[in-house]
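I opened the notebook to look up a few contacts in one structure. The entries follow in the order I made them.

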Amino acid sequence: QTLKDLERAYANFFAKRADFPRFKKKGQSDSFRYPDPKQIKLDQANSRLFLPKLGWLRYRNSRAVLGTVKNITVSASGGKWFVSIQTEREVGQPIPHGNAVGIDMGIARFATLSDGTFHVPLNSFKRHQDRLCKAQQALSRKTKFGNNWKKAQARVQRIHARIGNARRDYLHKTSTAISKNHAMVCIE
C-alpha cells in the first residue's frame with residue numbers, strides 16, 4: 001500500500017497536480033494499511049482480527065462492524081495503536097425530524113442555539129493543567145534525548161492526547177445531539 005501511495009504521489013507530481021513527494025519521518029503519524037480484504041480475518045465475537053505478518057490480535061471493539069470489510073488501517077497515536085476498519089454497505093436516506101435552528105459559537109458559552117438552549121464549554125485543558133505542568137517540568141530537567149527524557153516526553157504526549165481526546169469526544173457528542181434533534185442547522 002505504501003508503494004502504491006508513493007507511485008500515485010510521483011504520478012501527481014509529474015502530471016503537475018501536486019508538489020514533489022516529501023519524505024515521511026519515522027515516528028510521526030505512523031500508520032500502515034492492509035488493502036486486500038482476502039488477507040484479513042475479523043472475529044467480532046471474540047474481539048480479535050488476523051493481520052498478515054502480525055497474526056491474531058485482540059482489540060477493543062468500540063462498535064459493531066457492519067457491511068463487508070474493504071481495508072484496514074493500523075495507526076499509532078499517543079503511545080497507543082488504533083485499527084480503523086473500512087467497510088461497504090447500503091445505508092437508507094435519513095428522515096429529518098425537528099425544526100430549523102441557528103447556532104452562535106462563543107467563548108463563555110460554547111454554542112447557543114436560536115431556541116434559547118446552550119452548551120457550556122468543556123475545559124479539558126484546565127482539568128489536566130496541573131498534571132501537564134508537573135510533567136513538562138520533569139521533562140525540562142532530563143538530559144535531552146536520554147532514555148529518561150524519552151519516558152518523560154511520552155508522559156507529556158499522553159496528557160496532550162487525553163486533552164485532545166476529551167475535546168474531540170465533546171465536539172462529536174454535541175454535534176450529534178444537535179443534528180439528531182433538528183432538521184436544518186444554520187451557522188453564523
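I count a charge as sitting over a ring if NZ of Lys or CZ of Arg is within 6 Å of the ring centre and within 35 degrees of the ring normal. The model I am reading is predicted.

**Entry: charges over rings**

I looked up Arg48 with that criterion. Its charged end sits over the ring of Trp56, 4.0 Å from the ring centre. I then looked up Lys41, whose charged end sits over the ring of Phe50, with 4.0 Å to the centre.

**Entry: aromatic pairs**

How many aromatic pairs does the structure hold? I find nine. I took the pair of Tyr10 and Phe20 for a reading: the ring centres are 5.6 Å apart and the planes stand at 80°. Planes over 60 degrees apart count as edge-to-face, so I noted this pair as edge-to-face.

Next I placed the two residues. Tyr10 belongs to helix 1 (residues 2-14), while Phe20 is in the loop between helix 1 and strand 1 (31-34). The pair therefore ties together parts that are ten residues apart in sequence.

I also checked accessibility. Tyr10 is partly exposed at a relative accessible area of 31%, and Phe20 is partly exposed at 47%. Ring pairs join Tyr10 and Phe20 with Phe13 and Phe14 in a cluster.

**Entry: helix 2 against helix 3**

I looked up how helix 2 (residues 124-140) meets helix 3 (residues 147-181). Their axes come within 9 Å and cross at roughly 170°. Angles over 145 degrees count as roughly antiparallel, so I recorded helix 2 as roughly antiparallel to helix 3.

I listed part of the contact. From helix 2 it includes Phe125, His128, Arg131, Leu132 and Leu139. From helix 3 it includes Trp149, Val156, Ile159, Ile163 and Arg167. The residues of this contact divide into ten nonpolar, five polar and three charged.

Is Gly164 buried or exposed? I find Gly164 in helix 3, and with a relative accessible area of 17% it is buried. I checked Gly164 against Phe125: the two are 39 residues apart in sequence, and their C-alpha atoms are 8.7 Å apart in space.

I then turned to Thr174, also placed in helix 3. Thr174 counts as buried at 6% relative accessibility. Which residues does Thr174 touch, not counting those up to four places away in sequence? I noted Phe110 and His119.

Note on methods: Residues numbered from 1 in each chain as written. Predicted model: local features only at pLDDT ≥ 70, side-chain atom pairs only at ≥ 80, totals over all residues. Heavy atoms only, no water. Axes fitted to C-alpha atoms, helices over the stretch in contact; angles between N-to-C directions. Helix = DSSP H or I, 4+ residues; strand = E, 2+ residues; numbered from the N terminus. Parallel < 35°, antiparallel > 145°, perpendicular 65-115°, else oblique. Contact = heavy atoms within 4.5 Å. Nonpolar A, V, L, I, M, F, W, Y, C, P; charged D, E, K, R; others polar. Phe/Tyr/Trp six-rings, centres within 6.5 Å; stacked < 30°, edge-to-face > 60°. Buried < 20%, exposed > 50% of the residue type's maximum accessible area, 1.4 Å probe, protein only.
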